[in-house]
Amino acid sequence: AVALPAATCQGGPRGCPCTQVATTSSWARPSQMLPLGMSVAAFGATASLSRRGARAQRAPKVMTKATTNAALQKLDGLLQRALQAELDQESTRTRAEVESEVTTMLDAELRGNLRGFASAEKKVAKRLYSLEEMKQNGVDAAQFLNPQDSTLDLLKTVIVGVVALGGAVFILAAKPGPGVVIFMTLLGLSVLFFDQVINRGFGELLLLDSLGRLVSKEYPQRVACHEAGHFLVAYLLGVLPKAYTLGAWEAFSKYNSMSVQAGTTFLDQAIQMEMQSGQISGKTLDNFVCVALGGIAAEYVTYGQANGGMSDIIQLEALFEALKFDQQQTNVLLRTSVMNTVAIIKEKQKAHTALMDAMSRGESVGRCIEII
């Protein structure tokens, strides 16, 4: 048996806590921020939405392309309202009402025309697979569950080195008194404390994410690949994405808030209601884990190694601990979900590539759904 990686993630723009749920449950993070890198604060299994999607496929409506486009534009407007209700910290009842409008609209106007929605099949049965069996299915578990962001880790090391070297040069050249040195040290520590505690690391996130896009052409492509993985897996499992952003500055510009991180958010009220009731269905839990792993799976299939997503793994670790899963239960669910998620991405690689390009262009959620 292999334990999950230790919680060594330092946060940052590729931590991607995409599946964070804003709830009072014991395993939720205390910060009520939207997701980073997946981006993301809310995950919604939306069981009722999936059921409606299933009914829709049985009784499709015939719609022209123009009618479908108009319906998708209306869907975009409703999703924006749902996101704004969350940003404005509206009551749970208000947010549930807005999301109910979305499901009603899907059932009434897009019945049978959301191609692929809730259509994914989990091809791997749930049981304890050995690491060798996973390799035979094309998945190196140790590599998959240990994403390392070499680009941002290197940038962070360089920045710390530059700051330390600059401070040493200043002290040697200017020869300031002890009081000045102490003051500057306290000032620097205060800035770091304010950013980490008050802004929840937004300053560090913005700096590293911006530098990463300047020094590496691959970095923004990997971010888009990761988020497209979350988006696609969620959609195919019947979880409707609500919004997405691919960068810290984009998230700040779009939402005008330092508490909103980049990533993908989903309709989340159904799963919150399940969690508040103290009972999470097996299907909801399976979908939750697969969507959480969607970004890592997309990078793994595309590049052979994931850079982002360590916070996804840490969040799942916290969930399993809250559910009091032992190591065998954890391995059964995690390993099965890894293979199912990788299988979904491999089967839909063409759709993933098209979605990745669309998200890089900043297309609306409705347009991304149309592309899928």
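Started with Asp76: I found that Asp76 touches Ser364, Val365, Gly366 and Arg367, leaving out residues up to four places away in sequence (contact means heavy atoms within 4.5 Å). Asp76 is in helix H2, residues 65-87 (helices are DSSP runs of H or I, at least four residues, numbered from the N terminus). I also saw a polar atom of the Asp76 side chain 2.7 Å from the backbone nitrogen of Gly366.

A note on what I'm using: this is a predicted model, where local features need pLDDT of at least 70, side-chain atom pairs count only at pLDDT 80 or more, and totals for chains, interfaces and linings use all residues. Residues are numbered from 1 along each chain as its sequence is written, and side-chain values use heavy atoms, with hydrogens and water left out.

Next, helix pairs. How do H12 and H14 pack? H12 (residues 282-303) and H14 (residues 327-347) sit at an angle of about 55°, axes 8 Å apart (axes are lines fitted to C-alpha atoms over the stretch in contact, and angles run from 0 to 180 degrees between N-to-C directions). H12 and H14 are therefore oblique to each other (under 35 degrees is roughly parallel, over 145 roughly antiparallel, 65 to 115 roughly perpendicular, the rest oblique). Among the residues making this contact are Leu285 and Val289 of H12 and Leu333 and Thr341 of H14.

Last, I looked at H9 (residues 218-236), which packs on H14 at about 100°, with axes 10 Å apart. That makes H9 roughly perpendicular to H14. Gly229, Leu232, Val233 and Leu236 of H9 meet Thr341, Ile344 and Ile345 of H14.

How values were computed
Helix = DSSP H or I, 4+ residues; strand = E, 2+ residues; numbered from the N terminus. Polar contact = N/O pair within 3.5 Å; in protein donor to acceptor, adjacent residues only side chain to side chain.
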